[in-house]
Amino acid sequence: MTLARQEIERVYREESRRVLATLIRLLGDFDLAEEALHDAFIAAVEQWPTEGVPGNPRAWLVSTGRFKAIDKIRRRAKFDVSLEDVAERIDEMADPNITEDHEGVEDDRLRLVFTCCHPALMPDAQVALTLREVVGLTTEEIARAYIAKPSAIAQRIVRAKNKIREAKIPYEVPARSELPTRLDSVLRVIYLVFNEGYLASSGEMLTRHDLSGEAIRLGRLIIELLPEPEAVGLLALMLLQESRRAARTTPSGDLILLADQDRSKWNRDQIADGIKLVEGVLGSGRFGPYTLQAAIAAVHAEAASADDTDWAQIVSLYDVLLRADPSPVVELNRAVAVAMRDGPAMGLALIDDLLAQGDLEEYYLAHSARADLCRRLGMKAEAAKSYKRALQLTQTASEKRFLEGRLKELS
Amino acid sequence: MKYICQIYLDEESMGAMPTPEVEALNLEHHHYDDELMRGGQLLATGALSPSSSTSCVRVRGGKVTVTDGPFAETKEQVAGFFLIEARDLNEAIQIGSRIPSARLGTVEVRALAPLVIGGKDYWCMDRLGMRA
């Protein structure tokens with residue numbers, strides 16, 4: 001392979017998503033921008049081996065892609081009247097006095113993330129669009145990760161793009177005043193992508209690992225461009241959870257609980273990164289649910305063993321989290337931490353109160369947590385009853401095997 | 001990945017189309033073929049003769065039988081195809097949606113599947129001696 005060819009492949013890997021983001025801004029259309037990106041790389045393959053690799057390949061690709069798109073639209077407008085107004089708009093853009101604003105190029109990726117996560121789009125469309133346009137996964141890869149048919153994912157992406165076009169959703173980072181609510185959906189999508197990779201309970205492990213890696217990369221991109229405390233908190237949370245990946249399952253894919261994990265398998269670099277980020281945000285005093293969850297994960301990560309864990313600190317972090325983002329699931333987690341701090345009887349009383357309120361009746365983890373506390377209190381019949389209820393509610397094979405194992409130990 | 005875009009058109013209404021319009025459509029198709037060819041995305045394309053000229057071949061018990069007419073009677077008939085190279089299904093749909101006939105009929109986009117022989121994949125491209 002020639003040097004130029006290798007260079008083109010490197011530029012494609014490293015720059016194509018950025019070039020696409022800028023082309024979407026300049027052309028105002030996803031499909032047109034994708035075609036322009038393709039054409040720009042074709043031109044690179046033709047020209048770079050003889051003319052040499054340009055000094056700024058990204059700028060070269062953006063301007064080549066833009067001119068190819070302008071040519072294409074002009075040619076097409078001859079046949080397709082619906083393109084006439086696009087052609088006019090493109091004529092204005094072809095003005096040689098307009099140069100690309102390279103200062104804003106980094107922000108283009110952020111604009112793209114915000115556009116893909118626009119609240120007017122359905123949540124599952126937001127995820128599919130972000131994975132394809134920002135992360136660069138193919139439709140078939142997204143379908144594999146979500147165990148869906150490629151045609152269903154393709155339809156979701158086409159509909160989302162139509163919606164963006166028809167509703168004239170602006171390609172921009174929202175104004176400061178709008179940011180808190182809009183950033184929410186961006187962070188939620190990133191966390192969803194991460195969880196798809198993290199809860200590797202079914203499907204192909206490898207693809208899912210890719211997803212959590214991509215979510216972390218996206219998280220880094222967001223804070224590089226927009227260092228909001230909660231964005232930093234989310235990145236910390238993802239790093240701390242990811243640090244346990246190698247210790248979370250047996251080679252056959254069975255779950256290993258946090259208390260039973262081999263902590264020497266935890267990734268120390270990710271833990272150090274995560275803790276540093278959490279400390280920074282907590283110091284700023286402006287933080288929310290992601291940061292608090294990251295802080296809890298950091299307390300676990302700092303403990304040399306399960307017994308060494310500072311449960312008092314975890315309980316007080318859950319108290320703060322309950323104020324910031326109250327939910328029955330957070331209350332359940334707090335109850336488990338209380339059981340560790342004050343003994344299983346205290347935890348069981350809290351869980352029984354929670355179950356009596358009804359919100360967690362269908363949530364298998366509430367029943368398996370109750371079962372575990374009953375087991376530790378020697379209440380075998382109650383424990384068995386709750387394990388059985390949890391088993392009824394569990395979908396995934398590895399969790400079923402875990403619960404069946406516990407149930408067997410009781411008898 | 002390789003995808004086939006099959007064009008379905010209603011032959012009856014196409015037959016009633018005035019000659020200048022047919023010529024304009026053909027010219028537009030010709031330009032789009034060129035465009036995809038220059039972009040390296042077109043592997044093969046062609047228009048088909050009317051479906052009434054179809055012969056269906058079956059071999060049953062070692063005996064060849066041939067019947068007239070398309071395999072299935074539908075309102076729209078297969079009129080042509082594009083064999084393309086695309087990054088993923090969405091890019092293939094994007095290319096398929098730009099086929100001029102998509103405005104008149106239906107373009108069916110489908111990924112090519114490998115032919116497995118003795119556990120090994122053979123793409124039909126390789127068998128045709130076209131670029132893999």
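## Terms and numbering

Helices (H or I, at least four residues) and strands (E, at least two) are DSSP runs, numbered from the N terminus. This is a predicted model, in which local features need pLDDT of at least 70 and side-chain atom pairs count only at pLDDT 80 or more, while totals for chains, interfaces and linings use all residues. Residues are numbered from 1 along each chain as its sequence is written, and chains are lettered from A in the order in which they are written.

## Chain B

Chain B holds four helices and eight strands, and along the sequence these follow the pattern β-α-α-β-β-β-β-α-β-β-β-α. Among contacts in chain B (heavy atoms within 4.5 Å) between residues at least 6 apart in sequence, 72% join residues at least 24 apart.

An unreviewed UniProt entry places the feature "domain: YCII-related" at residues 1-114 of chain B. That span is 30% helix and 36% strand, and its end C-alpha atoms lie 11 Å apart.

## The second largest pocket

A pocket is an open set of points, on a 1 Å grid over the protein atoms alone, where a 1.4 Å probe fits, with protein on both sides within 12 Å along at least five of seven lines; lining residues have an atom within 4 Å of a point. The second largest pocket contains about 1,200 Å³ of space, a volume being the space filled by probe spheres set on the points. It is lined by 45 residues, of which Asp29(A), Asp31(A), Leu83(A), Arg165(A) and Arg98(B) are the closest to its centre.

Terms used:
Side-chain values use heavy atoms; hydrogens and water are left out. UniProt positions are given in the numbering used here, feature names are shortened, and annotations may be inferred rather than shown by experiment.
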